[in-house]
Amino acid sequence: MNKYSFVIPSYNSKKLLRNTLKSLDYLITNKNIGYEVIVVDDGSNDGTDRYIQKINVKYEIKYIYLQREHDSSRSKARNEGMKAAKGNIIVFIDADIIVRPEYLLNLDKFYQFSDEIAVAGIRLLINENIDDSMVDDKSIYDESCLKNLRIGMDFRYDIFEELSYNAGGMTAPFLYALTCNLAVPKKWIDKTTGFDEELIKWGIEDIEFVYRMYCQGMRIAINPKDYVIHQFHGVEQTDVINAKYEEDIKYNTNIFIKKHPSFLRLSNEKVYELFRSIGTRYKDIERNDLKESVIINITQEDRIGEIKKKVTTLCKEKKINIIINDYVKDNDLYIWIQLLKNVNAKIKYYPFPRVCPEFCVNSREVLA
């Protein structure tokens with residue numbers, strides 16, 4: 001059985017955290033899935049502690065309070081949460097995230113394949129306030145309800161639409177492993193010192209954390225079958241970066257460069273540019289000089305086995321682009337492809353329908 005430990009850092013986020021914890025109570029599990037929730041309160045003064053004391057949920061919840069200090073940070077809070085975690089898979093979300101009921105069922109499919117991977121998912125961004133009742137009656141999960149809200153997807157959606165949903169075919173998949181929706185096996189975390197607590201400002205501490213494990217051999221996969229819902233709290237979001245965070249990014253990047261001086265073989269200035277423009281330059285890291293392409297359209301479930309054999313042969317024999325458009329709703333290709341080894345080809349995988357609701361982002365056909 002896989003036991004999942006949700007680690008949630010929180011600072012003066014009682015109202016948003018309320019909906020996060022409520023959504024976790026709706027998680028669907030089975031005999032092979034268990035979970036606990038760890039809230040790390042990073043010195044809040046908004047009554048978060050009193051709210052947690054009164055909460056009534058079906059899952060085990062642990063509450064850790066940290067005094068607010070000059071070096072308080074998300075890194076430190078998450079590290080304290082991981083120390084208390086009993087699960088073999090650590091799931092990182094933020095205190096403004098609403099998790100959908102099928103989240104663990106979808107996530108566990110990856111770990112039935114392998115426990116050597118970190119799994120990254122994306123967010124749907126709600127750009128207006130919602131009433132708590134929408135979480136209480138679960139209407140927040142209905143497309144008919146979401147259609148009436150101003151929403152969008154985070155920056156990674158457009159990048160995956162262009163590059164593909166195959167992290168195994170990317171040069172730098174760790175750039176997309178963000179702690180708003182990320183699962184990492186505890187055994188890989190134990191190989192590190194956790195999050196770097198010198199990165200006390202906003203941004204890239206999660207990328208740095210995953211990058212170290214990636215360099216040691218941990219693989220990364222993208223979950224295209226599910227998304228979490230990000231609650232609005234003051235500023236409309238169409239991207240991760242915001243002007244007020246630029247100084248924080250610069251501070252953390254300076255520390256990052258000192259610790260990883262040869263990062264992606266980029267000059268220091270290029271690394272600053274990369275992180276300062278979060279999302280807009282990430283895909284520029286990827287290189288693809290292959291001219292020949294093979295397009296595979298999957299429309300029949302009973303052909304999945306045949307397709308796997310064909311892809312296995314092609315990717316080992318030729319240095320070509322293999323573009324896979326998957327129109328079959330229920331299969332495991334999206335996991336299997338990302339875990340392939342000894343691949344000479346460049347495999348691009350695109351699921352249909354898209355990971356996000358059609359009303360949210362205008363989905364476009366793959367340009368072969």
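Visitor: What am I looking at, and how are residues numbered?

Guide: This is a predicted model, in which local features need pLDDT of at least 70, side-chain atom pairs count only at pLDDT 80 or more, and totals for chains, interfaces and linings use all residues. Residues are numbered from 1 along each chain as its sequence is written, and side-chain values use heavy atoms, with hydrogens and water left out.

Visitor: How many helices and strands does the protein chain have?

Guide: The protein chain has 13 helices and 12 strands. Helices (H or I, at least four residues) and strands (E, at least two) are DSSP runs, numbered from the N terminus.

Visitor: What share of the residues is buried?

Guide: Of the 368 residues, 58% count as buried. Buried means under 20% relative accessible area, exposed over 50%, and partly exposed in between (1.4 Å probe, protein chains only).

Visitor: Now the charges. How many salt bridges are there?

Guide: A search of the whole structure finds 23 salt bridges. The criterion is a side-chain nitrogen of Lys or Arg within 4 Å of a carboxyl oxygen of Asp or Glu.

Visitor: Which residue does lysine 3 pair with?

Guide: Lysine 3 forms a salt bridge with glutamate 60, and their closest N and O atoms are 3.7 Å apart. The pair links distant parts of the chain, with lysine 3 in strand S1 (residues 2-10) and glutamate 60 in strand S3 (residues 60-65), 57 residues apart.

Visitor: Why do those two count as partly exposed?

Guide: Lysine 3 counts as partly exposed because its relative accessibility is 23%. Glutamate 60 is partly exposed because its relative accessible area is 41%.

Visitor: What does arginine 18 do?

Guide: The side chains of arginine 18 and aspartate 136 meet in a salt bridge at 2.9 Å, N to O. This pair also links distant parts of the chain: arginine 18 is in helix H1 (residues 14-24) and aspartate 136 in helix H5, 118 residues apart. Lys15, Arg18, Asp132 and Asp136 are linked in a network of salt bridges. Aspartate 136 is partly exposed, with a relative accessible area of 34%.

Visitor: And arginine 78, is that one buried or exposed?

Guide: Arginine 78 counts as buried, because its relative accessibility is 2%. Arginine 78 forms a salt bridge with aspartate 94, the closest N and O atoms being 3.5 Å apart. Aspartate 94 lies in the loop between strand S4 (89-92) and strand S5 (97-98), while arginine 78 is in helix H3, 16 residues apart. Aspartate 94 is partly exposed at 21% relative accessible area.

Visitor: Which residues gather in a patch of negative charge?

Guide: Asp131, Asp137, Asp142 and Glu143 do, on the surface. Patches are made of residues with over 30% relative accessible area and no salt bridge, with like charges joined within 9 Å and nonpolar side chains (Val, Leu, Ile, Met, Phe, Trp, Tyr) within 5 Å. Of the four named, aspartate 137 sits in the loop between helix H5 (133-136) and helix H6 (143-146). Aspartate 137 counts as exposed, because its relative accessibility is 52%.

Visitor: Last one: how far is lysine 83 from glycine 194?

Guide: Lysine 83 and glycine 194 are 9.6 Å apart in space, C-alpha to C-alpha, and 111 residues apart in sequence. Lysine 83 is found in helix H3 (residues 74-84) and is exposed, with a relative accessible area of 62%.

Definitions and conventions. Accessible areas come from the Shrake-Rupley method with a 1.4 Å probe; for residues, only the protein chains shown count as cover. Lys and Arg count as positive and Asp and Glu as negative; His and the chain ends are not counted. The place of a charge is taken as NZ of Lys, CZ of Arg, CG of Asp or CD of Glu.
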